[in-house]
Structure formats: C-alpha cells, structure tokens
Amino acid sequence: MPNSQALVANVITVFEHQRLTAYDFAHVSDFHWLMAQEFAVFTIKRKQGQWQLKVGHHIGIILLPSGMTLELLPKLNQSTRYNNIAQTRHWVQGMLSDLTRLDARQSCKLPSMKNLGQFSSQSMALPIEAPPLSDWLVTQFLQRLVRYQPTQHYQAQINNQSSLQGRLLIKEQLRHNSMQPHKFVCERSVLSQDMLANRLIKSALLYLMPLLSQSSQSMCSTLLQPWRPLSGLSRQERLRLSSIYTQAKRQLDIQPLQKQKLHAAQQLVDLAYWLLQQSNAATGYGIDPTRPNLPQPRLCLLIDMNQAFEQWASQRIASMFQQVSSHYRAFYQTQSVWLNDSEGQACVSIRPDLLIYKAADNDQNQSDTAVSKETVNGCYSHVIDIKWKYLPHAGAITASDAYQLTSYAQAYQAEQVWMVYPVLGDKRRPVALKQQIYSDNGDNKSNISSDISDGTKSNHSNHADLWLIPFDVLTGMVNGDLPANLNEK
C-alpha cells in the first residue's frame, strides 16, 4: 500500500530502484496512465503475471491525472526507507539550493547548470518537517513572484481602422485600402503587458497551479491577481521554446527597470523556462501538447541524479580546494584526447568530472578558462571522478572504476586521483588504494602508492595516489581530514 504519511499530503513518495505496481497507488488509473506514457525514468517489467514500473536514477515530481503528485527521491542504501523521507528531502533540497549559489558570471560555471541553477538562493532555512519536493518547488517560484510584477512596455501595433491614429503606413495603405479610402493602416505604440517574458512566466504558473491547495490559492490570490489577465504561450510557441526564451531575455534587457527588479525578473524567467523545458523534454509520448485530450501539458520534472550529484560534489570539492589555497584552480568536465592512432587522429577521449590544477607562484595570471601546455605537462594535482553509487566498502569497487582511476593517473600525471562516492551520515574514512607493480621476472612487486602521511612515491611514471573518498550528503562535505594535508602536496 502507498505510504500513509505521503497520502495525507496528497503525495505518493517513491525511491530509486523501487518497483511499483498498481497496488502502490491510491488510484489504479494513475498507474495505468504512467504505463501508457513510457517515461524514460521507468523500466516496464512483467513479473508473475503483474506489470511493474522500476524507478531509475532520477528525482523529481510527476502530477498524476487524479491530482496526486508522485515524488521521486534518491536512495543510497537499503536503509533508506519511508521513515527517512524527511531526512532525504532535507539534503536533496539543500543540494538543489547549493547548486544555485554558483555565480553564473564566473568562468568556472558548471557545464549544465541551466537545469539546476534556477532555484532561489534566498531560500529560508529548511523546517524540521521538510516539505515534499512539489511544495518546495512552488515555494521557490512564489518567492520570486513576490519580487516581480508583470512589466508593461510599449509595443508596436498595426491596425486597419476608420480613424487616423499614430503613423500612417503608406505602402500598406495603398495595398489594402485603395478601394476603401475611409480606412487607414496605422502603426502606434501601445503600453501593454503582453510581452514574451510575462507570458513565459504565466505559462509556468499554469503548470504549478494544480500543486497549490485551495488554502494556498486563497492566500496567494493577491499575489496572482496581476497575472490573471495574461495569456500563456501558444502551442506553436511551446514547440520553439528555446528561441522564445532567448527573445524574452532580450526584451527584458532593454526594459527601463531598476537593477533589483531586473534581476528578479531574469531569475523568474529562467525558472519558468526550466519548468517548461523539463515538462516538454523529459516526458513520454503521452505528454504531447498536440493531443486533444491534453490541451495543456501536465507538469513533470525529472532530474538525472547522476548529473545532479556530480555537479553538487564538484562544486563543493572545488570550493574546498580554493579555500585551502588560491593556487588551486578547478576545471569541470574538461575533455582531453587520450589515445591517438599512428596518423595522429583521436581515438579515445577522457573527461574527468573535476580537474584540480595547482599553479606555481609565478603562474597566478594564467587564464582560468584555458588549459595550457604547461598544465597538461604535469601541473595537475588532483583528478577527481564522482560516482552516484552505493559503495559499502573499498572491496566493492568495480574493475571498470579501477581501470578508469589508473587511466586518469597515467594520462594526467597527477599527484592524486580520487573516486568520490556518496554516503549518508556515515563516518567512514578515505581509503588509499595500493596499486601493485610487478617486475619483469615476476619475482618482486612494489606498491605505487602508500599512505598519504609518509609522502613516499614510487619512481614509476604512474605515481599517483589513488583514493576512495566518501562524500556525506547530509553535510555536503567529504569525510576525513584530507583538506589539512592539501598544502603539503
């Protein structure tokens, strides 16, 4: 049966890897509707004569036809159960909020922040009882809406009318009114709220309205009143959403708005675009705005948890290095050619999640946006790979992950290579992996890496220390005291 606590809030909460059947829904029709949509996040299975939906590596919300909301939460291990819902919501909402605090004007911006960087950085502290993601999302949107009212601007209108108002368009007059001289084709400027930015926001507001309870709608009546006369985007405009968003941003930039109001408007337009984009792109074939039975697409927000965790941990770890020393510079998902053929053509490329470059004292003016030849030749201090996977102990590392770490060590000649993995309130320490190197005759072997405390190195070219680094999602930090030793490297 569905979780009783979730049902009280009109929310059905499920976790990654969970298998759903019709019995997990208060309304069986919701399960059949999900089956018909063929969402990429679900894998359809049939077991013992029963259809099942297996949840993949996504988090988010789906508004079901019955009006209930399906909430998808991440799962780290077998202990993540319904009694951990509040705790999971806490750190997930904290993760999404943290990702927004990265200044979009900095050159070190993460590569895919447009999907995760639209939530308010002015969020209040999370309450003891964390709300569902759907309620949290509505709160984020309304917090922005408080700081912005629909902007009016002068818009050119062309009308063929019986009175002369504005500028007479001679060519159009001769083309259309040669046989009716009593009419005039005129162009005039009219003060209107019907600008793309406002309509983009209104469309997103229409998506969120079903998530507002009756009490919330009455409380928000004054806030929503200025938006009621506006219309949302048309079906054709929703099909070219990216270009509409670009035009809306340009319109905002030329408006005579105060800096604070312009910033609030830009943030709200960004969030509205993200909502509409996710609802269009992340759905199955059933969520189609052209279908007559669904004139308005249903709200569906699905975020890839692998990508979200990589971005969050990358941001946090890069900040840790920068706090230790200004010599450290972070590069996010920089792609490099690893293997070439005999003619110099690229065969295989590698793209670590995070590269840490330690600049020399006389190298402080080097561009942060370009990786120079000197950097490639051996100035990387850390290569960091980030995995959203449960790792109960060091022996659970897969061969493919180990091959990846050693490949990074060989390619970048870095001092340390990390594999960062998530833990939930776990106090386990980082683990150094000791790679074995065998001599030609097979009689002897030696360790490439030893404990970080003694600082010893092998003369072998593949000299990096390999580490398994636990990242506690409750604190948003790596475990252990490694930051204290960074300056020693």
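1. Two strands pair if DSSP finds at least two bridges between them. Helices (H or I, at least four residues) and strands (E, at least two) are DSSP runs, numbered from the N terminus. On these terms, I44 stands opposite L53 in β4. Strand β4 (residues 50–55) runs antiparallel to β3, and six bridges join the two.

2. A word on the basis of these notes. The model is predicted, and local features need pLDDT of at least 70, while side-chain atom pairs count only at pLDDT 80 or more and totals for chains, interfaces and linings use all residues. Residues are numbered from 1 along each chain as its sequence is written, and side-chain values use heavy atoms, with hydrogens and water left out.

3. The search for cavities runs on a 1 Å grid over the protein atoms alone; a cavity is a set of points where a 1.4 Å probe fits but cannot get out, and lining residues have an atom within 4 Å of a point. Grid points are joined across faces, edges and corners, and a volume is the space filled by probe spheres set on the points. The largest cavity holds about 110 Å³ of space. Eleven residues line the largest cavity, and the closest to its centre are G60, L96, L133, L301 and I303.

4. What kinds of residue make up the lining of the largest cavity? Ten are nonpolar, one is polar and none is charged. Here Ala, Val, Leu, Ile, Met, Phe, Trp, Tyr, Cys and Pro count as nonpolar, Asp, Glu, Lys and Arg as charged, and the others, Gly among them, as polar. At least two lining residues come from each of β5 (58–63), α4 (133–146) and β10 (300–304).

5. The whole structure contains 15 aromatic pairs. Rings of Phe, Tyr and Trp (its six-membered ring) pair if their centres lie within 6.5 Å; planes under 30 degrees apart count as stacked, over 60 as edge-to-face and the rest as tilted. The pair of Y148 and W227 is tilted, because the ring centres are 6.0 Å apart and the planes stand at 45°. Y148 sits in the loop between α4 and β7 (153–161) and W227 in the loop between α8 (221–224) and α9 (235–239), so the pair ties together parts that are 79 residues apart in sequence. Both Y148 and W227 are buried (under 20% relative accessible area; exposed is over 50%, partly exposed in between; 1.4 Å probe, protein chains only).

6. F309 and F471 form an edge-to-face pair, because their ring centres are 5.6 Å apart and their planes stand at 85°. F309 belongs to helix α12 (residues 305–324) and F471 to strand β20 (residues 465–472), so this pair links parts 162 residues apart in sequence. F309 is buried, with a relative accessible area of 0%, and F471 counts as buried at 0%. One aromatic cluster is formed by W91, F309, W312, W388 and F471.

7. L76 lies in the loop between β6 (69–73) and α3 (85–100) and is buried, with a relative accessible area of 8%. L76 and L424 are 7.1 Å apart in space, C-alpha to C-alpha, and 348 residues apart in sequence.

Definitions and conventions: 1 Å grid on protein atoms, 1.4 Å probe; cavity = no way out; pocket = protein on both sides within 12 Å on 5 of 7 lines; lining within 4 Å.
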